[in-house]
There are 2 protein chains.
Amino acid sequence: VTTLLVVGTGLIGSSFALAARRSGCFDRILGVDSAADALATAQSLDIIDAGLTDLASAVAQADAVFVAVPPGVTATVLAEVFACMSAHSQVVFDGASVKCAVIDDLRERLAGLPKNYVPAHPMAGSERHGPAAASAELFAGCQVFLTPEPETAAEAVRRVAGYWRKIGAYVHEGDARRHDEMVAVTSHLPHLLAYAYMNLIAERVGGAPRGIPAEAPLDRYAGSGFRDFARIAGSEAELWRQIIEANRDQVSVQLGALDAVLVRWRVLLDQGRFDELQAAFEDARRVYLGIVAPGRSGAAARGGGTGA
Amino acid sequence: VTTLLVVGTGLIGSSFALAARRSGCFDRILGVDSAADALATAQSLDIIDAGLTDLASAVAQADAVFVAVPPGVTATVLAEVFACMSAHSQVVFDGASVKCAVIDDLRERLAGLPKNYVPAHPMAGSERHGPAAASAELFAGCQVFLTPEPETAAEAVRRVAGYWRKIGAYVHEGDARRHDEMVAVTSHLPHLLAYAYMNLIAERVGGAPRGIPAEAPLDRYAGSGFRDFARIAGSEAELWRQIIEANRDQVSVQLGALDAVLVRWRVLLDQGRFDELQAAFEDARRVYLGIVAPGRSGAAARGGGTGA
C-alpha cells in the first residue's frame with residue numbers, strides 16, 4: 001500500500017486527501033491535527049482512514065507527507081516531521097503561500113534543507129474552513145507552484161508534481177524568491193490595499209449623507225467597481241497577517257513602490273497636470289488589457305463605465 | 001404632446017430616451033449631438049424621433065432637457081441650453097458623476113443658477129459606448145442622486161425625480177458637496193488605486209519569473225482577488241481623467257488620507273508590529289462585513305481564502 005499523511009486536516013489538507021484518494025495515488029490516508037475536533041471530523045467524513053495523535057508513528061507509516069498548516073507555523077511543523085523521519089524514500093511538501101520564509105526557517109532549524117522536501121504553494125482556497133468544507137474539486141484547474149532549492153532532489157520534485165497533476169492542478173516550477181515577489185504584487189498587496197481602503201471608509205463614510213436617509217448609505221453609493229475592490233477586505237485577518245508577516249520584506253518593497261506612484265499622482269492632481277495623469281491611466285489600461293486579460297478585452301473592460 | 005430633448009445621444013442619453021419613451025413620460029423625443037454619426041445612429045434605431053443640429057430650435061420644442069455629455073463639458077453645454085431657453089415651465093437636468101464642479105461652473109457662467117436646473121447623477125454605465133449600445137433597462141434598479149441647490153425649484157426636482165422613478169431607478173436627494181465626497185471615496189479613489197496598481201504591475205511584473213515559461217505569467221499568479229482588484233483599471237482613461245479632474249479637491253483629500261494609512265502600515269510592517277496590523281485588518285473586515293455587506297457575510301467573505 002501507498003500511504004499519504006496529511007498534517008493539518010483543515011480545508012486544504014482535507015481537500016487534497018479527498019482528491020488524492022480519488023486519483024488513485026494513495027491507498028491509505030492518515031491524518032494528524034493538533035485540533036482534535038478537526039481530526040475527528042475528517043475521520044467521521046472518511047476523508048482520512050485514521051487520525052493519529054502521535055506524529056512520529058504517523059510519519060513512520062507514510063510514503064508522502066503533506067504539511068497543510070497556517071503559514072506562520074509551517075516551518076515549525078515541517079521541522080517536527082523531519083525530526084522523526086529516517087527513510088529517504090519519503091517525500092514531504094507543504095502548502096504555504098509564502099516560500100522563502102518557510103525555506104529559510106527550515107534550513108536554519110535543520111542546519112540544511114532535506115533533499116526530500118519540496119516547497120509547494122497551491123493557489124486555491126475558499127471562504128469556508130475545516131474538513132467539513134473540503135472538496136475533491138478544490139484543486140482542479142488551480143495553479144500549483146513548486147520552488148525547489150539547490151538541495152532538493154529532482155526525483156522528489158517529480159513525485160510531488162505528479163500528485164498535483166493527477167488531481168487536476170497545473171504545476172509550475174520556479175524560484176522561491178521570484179515566487180514571493182510575484183505573490184507580493186499579485187495577491188498580498190491587493191489585500192493590504194483593500195484592508196487600508198476599508199479603514200479609510202470607516203473613517204470617512206461612517207455616517208449618512210445629509211438629506212439622505214441613514215440606512216446603508218454606502219451600499220447606495222457603491223457601484224460595482226467599489227464592491228469588487230472592497231470584496232477581499234472580507235478575508236480572514238489572522239491568516240493574512242501570517243501571510244504578510246512571512247513575506248514582509250517583499251510586501252514592504254511593493255507597498256513602498258505603490259506609495260511612490262500615489263504620491264507622484266497626488267502632485268499631478270494638486271498641480272492640475274491632468275494630461276500626465278490621463279497618460280498614466282492609459283498606460284495602466286493598456287497593461288491591464290494586454291497582460292492581465294490578453295484576448296479578453298471585452299470582459300476586461302466590462303467594469304469600464306459602471307459605477308461612474 | 002410632451003417632448004423630451006436629449007443633448008448627447010451616447011449610451012446614457014440614448015438609454016434614457018428608450019426608457020422614457022417606454023415609460024410613457026414623453027410622446028416625442030428629440031436629439032442633439034455634436035457627433036453627426038451618433039445622432040444618425042440614434043435616429044436610425046428609433047431611439048429619437050428626430051435629430052436636430054440647431055440647439056435653440058430643439059430647446060424651444062422641449063418640455064424637459066437631459067444633458068448627457070461627458071463631465072468635462074457638461075457645464076458648457078448646460079450654459080448653451082439655458083442661453084436659448086425662455087419658458088420657465090421647462091426643466092433641465094444633467095447626468096454628470098461630479099456635481100459641485102458643474103454647479104459652480106454653471107452658476108458662474110450664468111451669474112446665478114436657474115431654478116429649473118436639477119443636478120442629477122444616475123449611477124449606471126457599461127463598458128460599451130454610443131447609441132447602438134443603449135438599453136431601456138440600463139437604469140432599472142440603479143441609484144440616481146439629485147443634488148438641488150437653494151435656488152432650485154421644488155417643483156422641478158419633483159418632476160425630474162418622477163421621470164427617473166418611472167423608468168425604475170431609485171431616486172435620492174442630497175447635498176452636492178456630500179455627494180462628491182461620497183463618490184470620491186466609493187468610486188473615484190478605487191479607480192485611481194486600480195490604475196496606480198496596474199502601473200506598478202507594469203514596472204514590477206513585466207517579465208516572466210525565472211524558471212517559469214514566459215507566456216502570461218501574471219495570469220498564472222493571479223488569484224480571483226487580483227482579478228477583481230484589477231478589473232476597473234480597464235476603465236476608459238479619458239472619461240476618468242474628466243471625472244477626477246472635476247472632483248480633484250475631494251479626490252486629493254481622500255487620496256491623501258489613504259496614503260496616510262499606507263505610510264502608517266508600512267511602518268508597522270517594517271518594525272514588525274504585526275499585532276497592530278492584524279487589529280487594523282480586523283477593523284477593516286468588520287467594516288466591510290457590517291457596513292458594505294450587511295446580512296451578506298457569506299457572500300462578503302467569499303473571496304476570503306481565494307488566491308492566497
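Trainee: Which residues of chain A form one aromatic cluster?
Mentor: Bear in mind that this is a predicted model. Over all chains the structure holds 24 aromatic pairs. One aromatic cluster is made up of F16(A), F26(A), F66(A), F93(A), F139(A), Y163(A) and W164(A).

Trainee: In chain B, how is the pair of F93(B) and Y163(B) classed, by its distance and its angle?
Mentor: A pair of aromatic rings is described by the distance of the centres and the angle of the planes. For F93(B) and Y163(B) the centres are 6.1 Å apart and the planes stand at 40°. Planes under 30 degrees apart would count as stacked and those over 60 as edge-to-face, so this pair is tilted.

Trainee: What kind of aromatic pair do F93(B) and W164(B) form?
Mentor: Both of these residues, F93(B) and W164(B), are buried. Because F93(B) lies in strand β5 and W164(B) in helix α6 of chain B, the pair ties together parts that are 71 residues apart in sequence. The centres of F93(B) and W164(B) are 6.1 Å from each other and the angle between the planes is 75°, which makes the pair edge-to-face.

Trainee: Is W164(B) buried or exposed, judging by its relative accessibility?
Mentor: W164(B), in helix α6 of chain B, is in contact with several residues beyond its neighbours within four places in sequence, among them F16(B), F66(B), F139(B) and V171(B). A residue counts as buried if its relative accessible area is under 20%. The value for W164(B) is 0%, so W164(B) counts as buried.

Trainee: Where in chain A is the place of A120(A)?
Mentor: With a relative accessible area of 0%, A120(A) is buried. Leaving aside its neighbours within four places in sequence, A120(A) is in contact with residues including F93(A), D94(A), F145(A) and W164(A). Its place is in strand β7.

Trainee: Which element gives the most to the lining of the second largest pocket?
Mentor: The second largest pocket has a volume of about 840 Å³, and among the 36 residues that line it, those closest to its centre are I12(A), A68(A), V69(A), P70(A) and L239(A). At least two lining residues come from each of α1 (11–23), α4 (74–83), β7 (120–123) and α10 (237–246) of chain A. The element that gives the most, with 4 residues, is α10(A).

Trainee: How many residues of the lining of that second largest pocket are nonpolar, how many polar and how many charged?
Mentor: Each lining residue is sorted by its type, and Gly is placed among the polar ones. The lining of the second largest pocket divides into 18 nonpolar, 13 polar and 5 charged.

Trainee: What percentage of the residues of chain A count as buried?
Mentor: The secondary structure of chain A comes to 13 helices and 9 strands. Chain A exposes about 11200 Å², and carbon and sulfur atoms supply 50% of that area. Of its 308 residues, the share that counts as buried is 59%.

Technical notes. Residues numbered from 1 in each chain as written. Chains lettered and ligands numbered in written order. Predicted model: local features only at pLDDT ≥ 70, side-chain atom pairs only at ≥ 80, totals over all residues. Heavy atoms only, no water. Buried < 20%, exposed > 50% of the residue type's maximum accessible area, 1.4 Å probe, protein only. Areas by Shrake-Rupley, 256 points an atom, 1.4 Å probe, with all protein chains shown as cover. 1 Å grid on protein atoms, 1.4 Å probe; cavity = no way out; pocket = protein on both sides within 12 Å on 5 of 7 lines; lining within 4 Å. Points joined across faces, edges and corners; volume = space filled by probe spheres on them. Phe/Tyr/Trp six-rings, centres within 6.5 Å; stacked < 30°, edge-to-face > 60°. Contact = heavy atoms within 4.5 Å.
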